[in-house]
Amino acid sequence: MDMTGLDKIIEKIGLDAKNAGAEVQAKADEHCAEILSNAQAECDKIDAQAQSDADALRADILARGESGAQMQRKNRILTAKQEMIHGVIESAKNKLLGLDGIDYFVLLGKLAEKYAQPGDGVMYLSAADLARVPAYFRGTLADIGAKKGGSLTLSDESRDLNGGFVLAYGGIEENCTFEAMFEENKERLQDVVREKLFS
């Protein structure tokens, strides 16, 4: 075989190899492009899901924040109302404590009439109230005791009280101090004040 024929065979083999390489390269490029396209689609999908999750999380955080703010607002309003109710009740109690002598003892007489019991009773006052008892008050107590079928006298011994009195019948005592009466009727007083203030 001459060299020219060999050269042609080599040239043909080279050309076939070049064409086969180009075909392999084209298929590899096509495969790479497909992989990149799939990867980009997956990234886009992940980005969209991440955005959707972020939007949902943002909406949830805003909803919880708004709910928390509404709850705080309600709590503050409730606290303010309770403070107002407490203030009105304390003011009423202080008004009773601040009554002048005659009005104060008229009130004590009415309370004694309500809480007095049959039998022999003794009323105890604070030292300050005992020092300002009007002359007629002992007679008022005697009348109340008689109406209840017993007696009611004022003790010359004072007690540590802040407005009102204590009634004692033998070993049983009835706490008729303003503090005790306000505490005993606390819920009812709060309801009345709440209705007057906020209805």
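Predicted model: local features only at pLDDT ≥ 70, side-chain atom pairs only at ≥ 80, totals over all residues.
**Helices, aromatic pairs and pockets**

Colleague: Is Gly5 buried, exposed or partly exposed?
Modeller: The relative accessibility of Gly5 is 22%. Buried requires under 20% and exposed over 50%. At 22%, therefore, Gly5 counts as partly exposed.

Colleague: What distance separates the C-alpha atoms of Gly5 and Leu189?
Modeller: Gly5 and Leu189 are 184 residues apart along the chain.

Colleague: What is the C-alpha separation of Asp60 and Asp29?
Modeller: Asp60 lies in helix α1 and is partly exposed, with a relative accessible area of 36%. Asp60 and Asp29 are 31 residues apart along the chain. Their C-alpha atoms are separated by 45 Å.

Colleague: Is Met123 buried or exposed?
Modeller: Met123 lies in strand β1. The limit for buried is under 20% relative accessible area. Met123 has 0% relative accessibility, so this residue counts as buried.

Colleague: How far apart are Met123 and Leu141 in space, C-alpha to C-alpha?
Modeller: Beyond its neighbours within four places in sequence, Met123 is in contact with residues including Phe137, Leu141, Leu152 and Phe165. Met123 and Leu141 are 18 residues apart in sequence. C-alpha to C-alpha, the distance between Met123 and Leu141 is 8.6 Å.

Colleague: Within what arc do the buried residues of α4 fall?
Modeller: Helix α4 spans residues 137-147, and Phe137, Leu141, Ile144 and Gly145 are buried in this helix. Seen down the helix axis, these buried residues line one face of α4, because they fall within an arc of 100°.

Colleague: Which residues are exposed on the other side of α4?
Modeller: The buried residues of α4 pack against α2, β1 (120-124) and β2 (151-154). The other side of α4 has the exposed residues Ala146 and Lys147.

Colleague: Which residue with a positive phi follows α4?
Modeller: The phi in question is near 85°. The residue that follows α4 with this phi is Gly149.

Colleague: Are the rings of Tyr104 and Phe178 stacked or edge-to-face?
Modeller: The structure holds three aromatic pairs. In the pair of Tyr104 and Phe178, the ring centres are 5.9 Å apart and the planes are at 80°. Planes over 60 degrees apart count as edge-to-face. The pair of Tyr104 and Phe178 is therefore edge-to-face.

Colleague: How many residues apart are Tyr104 and Phe178?
Modeller: Both Tyr104 and Phe178 are buried. Tyr104 is in helix α2 and Phe178 in helix α5, so the pair of rings described above links distant parts of the chain.

Colleague: What is the angle between the planes of Phe105 and Phe137?
Modeller: Phe105 and Phe137 form an aromatic pair, 5.1 Å centre to centre. This pair is edge-to-face, and the angle between the planes is 70°.

Colleague: How many residues apart in sequence are the parts tied together by Phe105 and Phe137?
Modeller: Both Phe105 and Phe137 are buried. Phe105 lies in helix α2 and Phe137 in helix α4, so the parts tied together are apart in sequence by 32 residues.

Colleague: Which residues form one aromatic cluster?
Modeller: Two of the pairs have been described: Tyr104 with Phe178, and Phe105 with Phe137. One aromatic cluster is formed by Tyr104, Phe105, Phe137 and Phe178.

Colleague: What is the volume of the largest pocket?
Modeller: The residues that line the largest pocket include Leu96, Tyr115, Phe178, Glu184 and Arg188. By class, the lining has seven nonpolar, one polar and three charged residues. The volume of the largest pocket is about 300 Å³.

Colleague: Which element gives the largest share of the lining of the largest pocket?
Modeller: The elements that give two or more residues to this lining are α2 (101-115), α5 (178-184) and α6 (186-198). The largest share is four residues, and these come from α5.

Colleague: Which element gives the most to the lining of the second largest pocket?
Modeller: The second largest pocket has a volume of about 220 Å³. Of its 13 lining residues, those closest to the centre are His86, Ile89, Glu90, Lys186 and Gln190. Two or more residues of the lining come from each of α1 (3-97), α5 and α6. With six residues, the element that gives the most is α1.

Colleague: How many charged residues are in the lining of the second largest pocket?
Modeller: By class, this lining has four nonpolar and three polar residues. The number of charged residues is six.

How values were computed
Residues numbered from 1 in each chain as written. Heavy atoms only, no water. 1 Å grid on protein atoms, 1.4 Å probe; cavity = no way out; pocket = protein on both sides within 12 Å on 5 of 7 lines; lining within 4 Å. Points joined across faces, edges and corners; volume = space filled by probe spheres on them. Nonpolar A, V, L, I, M, F, W, Y, C, P; charged D, E, K, R; others polar. Buried < 20%, exposed > 50% of the residue type's maximum accessible area, 1.4 Å probe, protein only. Arc of directions from axis to C-beta. Contact = heavy atoms within 4.5 Å. Phe/Tyr/Trp six-rings, centres within 6.5 Å; stacked < 30°, edge-to-face > 60°.
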